[in-house]
Amino acid sequence: MKICRYQDTPDGPVKIGVVRGDQVYDVSAVADMLPDVRWPYPEGDLFIANLERLRPVMEDLADKAAGVPVESVLLRKPVANPGKFLCGAGNHKIVLGMGGHPRRMGLLFKMTNAAAGPADGVTLRWPERTTFHEMEIAIVIGKQGTEIPASEAFDHIVGYCIGLDMTMQGSEFPSFGKSFDTYGVMGPWLTTRDEIADPDNLAYCLKVNGEDRQVDSTANLVLGIADLVEHAASVMTLHPGDVIFSGTPPRSTGPVVPGDVMHAAMEGLGEMTVKVSGGPGRKTSLEGMEPAEPAAG
């Protein structure tokens, strides 16, 4: 099943859709089946946590709905409330060949305010700084767990989407540069696990203004999908709606500037177009932030 969140117009409600071919079918009524919750709210995304129970109803609603062309709607982030974004560090055979192993490098993190969908675009809030694109497969967790062995990892995955892990370059901690609003693009929709026979062998391509920037395959990851889940769950509890970005080699990253148009396509997961715009620039002063001069000996 391919599941999206979309709007017909910028001011309209965000709907839940099932994508079949080039049509999307409104199944928003399924949200009425979600359990009533009160504060303190449970960890994770409520819809993702209940998805397996909801799927038969969604199929029935889609059968009865009138489809509209996918190209006519605004696709928003397919996971409404991701609990955390985890990013694979150095997780590519190129990095391994240079002497780095992702298990030794740990993980990088992106704050969830960065979550965005294709129609949101990417806003370079500080356009005077350099931001790189990083196209990856995004793994969406469907069931809570910790200390998950690789042999059981797929039981905890609900599905996948294309991920654009945007990162501002600079001397700040990496998670700072990854956490600007819209720097975690997911889309075009969530493709459920059962639709992808081998997520460790998916070809993908990222174009910027029609020029190839990344042409690669998930087969070149050092830690594959199951190993990535095991790696993350070895240090933390994973909850429904958590997202793991797989990682990509440094040579495949590159800058984008306002006005650029990114087009990302991955085998089995679809394709999406994401526009880049400029923001207001940095407004907080760095005056007085220079390192102190060393004391005279």
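Strands β11 and β12 run antiparallel and are joined by seven bridges; strands count as paired if DSSP finds at least two bridges between them. Helices (H or I, at least four residues) and strands (E, at least two) are DSSP runs, numbered from the N terminus. This is a predicted model, in which local features need pLDDT of at least 70 and side-chain atom pairs count only at pLDDT 80 or more, while totals for chains, interfaces and linings use all residues. Residues are numbered from 1 along each chain as its sequence is written, and side-chain values use heavy atoms, with hydrogens and water left out.

- Seven of the seven residues of β11 (135-141) are buried, where buried means under 20% relative accessible area, exposed over 50%, and partly exposed in between (1.4 Å probe, protein chains only).
- In β12 (157-165), nine of the nine residues are buried, so this strand is largely enclosed by the rest of the structure.
- Glycine 163 of β12 is the bridge partner of glutamate 136, and glycine 163 also stands opposite methionine 186 in β14.
- β12 pairs with β14 (residues 184-192) in the antiparallel sense over six bridges.
- β11 is also joined to β17, by three bridges and again antiparallel; here valine 140 stands opposite valine 243.

**Helix α6**

- Seven of the nine residues of α6 (residues 225-233) are buried, so the rest of the structure largely encloses this helix.
- Those buried residues are Ile225, Ala226, Leu228, Val229, His231, Ala232 and Ala233.
- Their cover includes β6 (85-88), α4 (102-105), β7 (107-110), β11, β12 and β17 (243-245).
- Beyond its neighbours within four places in sequence, valine 229 is in contact (heavy atoms within 4.5 Å) with Ile139, Ile141, Ile148, Ala153, Ile157, Leu238 and Ile244.

**Nonpolar cores**

- A nonpolar core is a set of buried Ala, Val, Leu, Ile, Met, Phe, Trp, Tyr and Cys residues joined through side-chain atoms within 4.5 Å.
- The largest such core has 45 residues, and Leu164, Val229, Leu238 and Met262 have the most contacts inside it.
- Two or more residues of this core come from each of β9 (122-124), β11, β12, β15 (203-208), α6, β19 (261-266) and β20 (270-278).
- Helix α6 gives the largest share of this core, six residues.
- A second, separate core has 26 residues, among them Ile16, Tyr25, Ile48 and Met186.

**A three-stranded open sheet**

- The strand order in this antiparallel open sheet is β13-β10-β18.
- β13 (167-168) and β18 (254-256) stand at the edges, each with a single partner strand, so one side of each has no neighbour in the sheet.
- Strand β10 (residues 131-133) is joined to β13 by two bridges, and threonine 131 stands opposite methionine 168 in β13.

**Tryptophan 39 and the surface**

- Tryptophan 39 lies in the loop between β3 (23-26) and α1 (46-49) and is exposed, with a relative accessible area of 71%.
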